[in-house]
Amino acid sequence: MSDNRVGEPENTAEVPGARAEESEIRADEAAVAGAGGPGAGTEVSAARAEGAGTGAEEEALRPHAEDAFAHELKALAAADDRPRPARWNLSPWAVATYLLGGVLPDGTVISPKYVGPRRIVEVAVTTLATDRALLLLGVPGTAKTWVSEHLAAAVSGDSTLLVQGTAGTPEEAIRYGWDYARLLAHGPSRDALVPGPVMRAMSGGGIARVEELTRIPADVQDTLITILSEKTLPIPELGQEVMAVRGFNLIATANDRDRGVNDLSSALRRRFNTVVLPLPATVEDEVDIVARRVDQMGRAIDLPQAPPGADEIRRVVTVFRELRDGVTADGRTKVKSPSGTLSTAEAISVVTGGLALAAHFGDGVLRSADVAAGILGAVVRDPAADRVVWNEYLESVVRERDGWKDFYRACREVSA
């Protein structure tokens, strides 16, 4: 049986970062890079390798987490003296610190990547240290993808082993594909096989990511059952299988509003430990998240430096929370909720767009007029029903609120 197993390690006591057992499968990837077969993902790794040391990641519009926060990960690794699971770059404690933020003994400040209950992060991290996969579940905009990426970056130093789930995601995207020119010329062989992200994670002891799992057709989802239960990926065309090495695990994300689209089978759901990411608990938490992300995104797209605009950020967050909850912050007035989710991610988008307007077409100061159009677009998804909800909210809540006259006028102007 062992003769047919691909990628099985000879020495399970190998130190983290040393991945000699990957050599065979990496050679195969190099041979087929750029072939474009289903499941191909090696172009990303090749591009990153080519740009290493050249500052190419600094020119990226959105660098991978392991590149954007490389100095923090390096400082954590140097200060981390706690036990690390096989092939983990950091201990579970250090991974949690990377996500939640803190100050290291040498004074290095670790910025928080996730603002929320500490126990949620601790459960997610410890799940990855077990033989169960992790499912991050929540409404749209609760940072599921963001947390998934940073977990993979902190654990294995590579967040790019990604399968993006859609209604058209084929089975090959999860398993493997073929270089069809070689397949037709020479038949099935290791040289003709194109490893997918999950296969590469299995052979290298890394973390694979599957985004929007419930968007993937049910029969394709179930491809993961053998991978997660038996920790093997059969290659029947070659009479071989890829054995997952220690360190391998999988993080999937799903929106709980997608229930009924492609629900997970009970067999697959049992293979996951589900962690629900909640919406920010307080206005202050959500304002802090929006302000941090807007600042990061503004620097990434070279927006001119401007005053923080804390008042407008708080207004946007307050409007979204009240419409989302169906009641005003003081609990005195019930309001109707629109059809959209009005998530934190949408608030970030509205404020970022407003800053761009203020920077390029205003005086650089974020004002109500800069965010009004963005709020209208986020709230009014259904032109008939949502417009009624929005107009009622403006007249019954915003109009009567002290200090919000300029915001009310700006919103009425764009809503006319």
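**A buried serine**

Tutor: Start with Ser159, which counts as buried because its relative accessibility is 2%. Keep in mind that this is a predicted model.

Student: Where is Ser159 found?

Tutor: Ser159 is in the loop between H8 and S5.

Student: And which residues is Ser159 in contact with, leaving aside its neighbours within four places in sequence?

Tutor: Ser159 is in contact with His64, Ala65, Glu66, Glu149, Ala152, Ala153 and Arg209. With Glu66 there is a polar contact between the side chains, at 2.7 Å.

Student: OK, stepping back. How many helices and strands are there in the protein?

Tutor: The protein has 20 helices and 12 strands. Of its 416 residues, 48% are buried. The accessible surface is about 19000 Å², and carbon and sulfur atoms hold 52% of that.

Student: What share of the contacts with a separation of 6 or more comes from residues 24 or more positions apart?

Tutor: Those residues account for 73% of such contacts.

Student: Now the strands. In what order do the 5 strands of the open sheet come?

Tutor: The order is S5-S8-S11-S4-S12, and the pairing is parallel.

Student: What holds paired strands together in general?

Tutor: Strands of a sheet pair through backbone hydrogen bonds, in a parallel or antiparallel way.

Student: How many bridges join S4 to S12?

Tutor: There are 5 bridges between strand S4 (residues 133-138) and S12, and the two run parallel. Leu135 has Thr274 in S12 as its bridge partner, and Leu137 has Val276. S4 also pairs with S11 in the parallel sense, over 5 bridges. There, Leu137 stands opposite Ala254.

Student: Is S4 mostly covered or mostly open?

Tutor: S4 is mostly covered, with 6 of its 6 residues buried. Ala133, Leu135 and Leu137 point one way, while Leu134, Leu136 and Gly138 point the other way.

Student: Why do they point in two directions?

Tutor: In a regular strand, side chains alternate between the two faces of the sheet.

Student: Which strands does helix H8 lie across?

Tutor: Helix H8 (residues 144-156) lies across S4, strand S8 (207-211) and strand S11 (249-255), and its angle to S8 is about 170°. Helix H11 (residues 197-204) lies across S5, S8 and S11, running at about 160° to S8.

Student: How far is the C-alpha atom of Arg132 from that of Asn273?

Tutor: The two C-alpha atoms are separated by 6.3 Å, although the residues are 141 apart along the chain. Contacts of Arg132, leaving aside its neighbours within four places in sequence, include Asn249, Arg271, Phe272 and Asn273.

Student: Different topic. How many residues has the largest nonpolar core?

Tutor: That core has 36 residues, and Val319, Phe320, Ile375 and Trp390 have the most contacts inside it. Elements that give two or more residues to this core include helix H16 (310-325), helix H18 (368-379) and helix H19 (385-398). Another core, of 34 residues, lies apart from it, with Leu135, Leu137, Met202 and Val242 among its members.

Student: What does Val319 touch, not counting residues up to four places away in sequence?

Tutor: Val319 touches Ile375, Trp390, Tyr393, Trp404 and Phe407.

Key
Residues numbered from 1 in each chain as written. Predicted model: local features only at pLDDT ≥ 70, side-chain atom pairs only at ≥ 80, totals over all residues. Heavy atoms only, no water. Helix = DSSP H or I, 4+ residues; strand = E, 2+ residues; numbered from the N terminus. Buried < 20%, exposed > 50% of the residue type's maximum accessible area, 1.4 Å probe, protein only. Contact = heavy atoms within 4.5 Å. Areas by Shrake-Rupley, 256 points an atom, 1.4 Å probe, with all protein chains shown as cover. Core = buried A, V, L, I, M, F, W, Y, C linked by side-chain atoms within 4.5 Å. Pairing = 2+ DSSP bridges. Axes fitted to C-alpha atoms, helices over the stretch in contact; angles between N-to-C directions. Polar contact = N/O pair within 3.5 Å; in protein donor to acceptor, adjacent residues only side chain to side chain.
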